[in-house]
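Subject: Handover of a structure and its findings

Dear colleague,

Please find the structure below, for your files. The findings follow directly after it.

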Amino acid sequence: MTSSAVDPLELERWRRRVFLALFAALAVALHTVEALLPSPAPWFRLGFANILTLVALFLYGGRAAWAVALTRIGVGSLLLGNLFAPGFFLSLAGGIAATALMTGSRALCGRHLGPVGVSALGAAGHATGQLLVAWLLLVRTPQLWSLYPYFLLFALGAGIANGIAADLLLETLRRHPVFGSRRDAAEPR
């Protein structure tokens with residue numbers, strides 16, 4: 001069976017693949033650039049790449065968000081040369097916890113929870129996942145958990161800022177004809 005260039009379903013599938021690849025590439029670029037910026041601790045980052053994960057989640061659903069998040073962590077670690085180093089496992093644990101919370105909350109709450117709320121939950125999950133893996137693999141001391149409130153507060157601030165940026169980006173994208181007719185990924189079809 002061959003497909004025509006004007007087949008709307010095939011066109012939509014290819015469009016989705018192209019935009020997901022673009023979101024993943026931008027997330028890897030942000031992840032890499034952010035790793036080069038000075039930070040007060042090795043795992044402290046603002047998480048700008050999560051903006052693209054949020055956009056993929058709200059435009060294409062949970063599977064797309066997982067694809068962007070895991071691609072960003074894997075390819076970003078390869079580019080930075082820290083694949084399977086402690087920083088990779090911290091990033092992977094935080095990314096898995098954040099994406100699980102974001103996709104789960106999006107599936108449970110649907111349109112009642114916007115990008116800012118989903119991002120704040122993801123940031124809390126990211127901070128918790130990273131600290132848990134740091135405690136399990138790197139620093140097995142109870143004093144590490146005394147940093148948790150500060151770490152969580154910083155993560156929530158960054159998560160809210162990233163959620164606002166994702167909301168603005170989604171608003172801009174939905175004005176474009178390619179995304180204009182697209183319904184929210186959490187809305188019933």
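**Aromatic rings and charges**

Phe19, Phe23 and Phe179 are joined into a cluster by ring pairs; rings of Phe, Tyr and Trp (its six-membered ring) pair if their centres lie within 6.5 Å. This is a predicted model, in which local features need pLDDT of at least 70 and side-chain atom pairs count only at pLDDT 80 or more, while totals for chains, interfaces and linings use all residues. Residues are numbered from 1 along each chain as its sequence is written, and side-chain values use heavy atoms, with hydrogens and water left out.

The structure holds seven aromatic pairs. One of them is formed by Phe88 and Phe89, with 5.2 Å centre to centre and 70° between the planes, and is edge-to-face (planes under 30 degrees apart count as stacked, over 60 as edge-to-face and the rest as tilted). Phe88 counts as buried because its relative accessibility is 7%, whereas Phe89, at 33%, counts as partly exposed. Here buried means under 20% relative accessible area, exposed over 50%, and partly exposed in between, with a 1.4 Å probe and protein chains only.

Two arginines have a charge over a tryptophan ring; the criterion is NZ of Lys or CZ of Arg within 6 Å of the ring centre and within 35 degrees of the ring normal. Arg17 has its charged end over the ring of Trp14, 4.6 Å from the centre. Arg140 lies over the face of Trp135, at 4.2 Å from the ring centre.

Helices (H or I, at least four residues) and strands (E, at least two) are DSSP runs, numbered from the N terminus. The 29 residues of α1 should span 42 Å at 1.5 Å a residue, and the end C-alpha atoms are 42 Å apart, which agrees; the expected span is 1.5 Å times one less than the number of residues. Buried residues of α1 include Phe19, Leu20, Phe23 and His31. Their cover includes α2, α3, α4, α6 and α7 (177-180), where contact means heavy atoms within 4.5 Å. Glu10, also in α1, is buried because its relative accessible area is 18%. The side chain of Glu10 makes a polar contact of 2.9 Å with the side chain of Arg13 (a pair of N or O atoms within 3.5 Å; within protein, one must be able to donate a hydrogen and the other to accept it, and residues adjacent in sequence count only if both atoms are side-chain atoms).

α4 has 24 residues and reaches 34 Å from its first C-alpha to its last, close to the 34 Å expected. Its buried residues pack against α1 (8-36), α2 (50-60), α3 (62-80) and α5. Gly110, with a positive phi near 55°, follows α4.

**Nonpolar cores**

A nonpolar core is a set of buried Ala, Val, Leu, Ile, Met, Phe, Trp, Tyr and Cys residues joined through side-chain atoms within 4.5 Å. The largest has 24 residues, and those with the most contacts inside it include Leu20, Phe23 and Val118. Two or more residues each come from α1, α2, α3 and α6 (148-174), with the largest share, nine residues, from α2. Apart from this core lies another of ten residues, among them Ala93, Ala123, Ala127 and Leu144.

Yours sincerely
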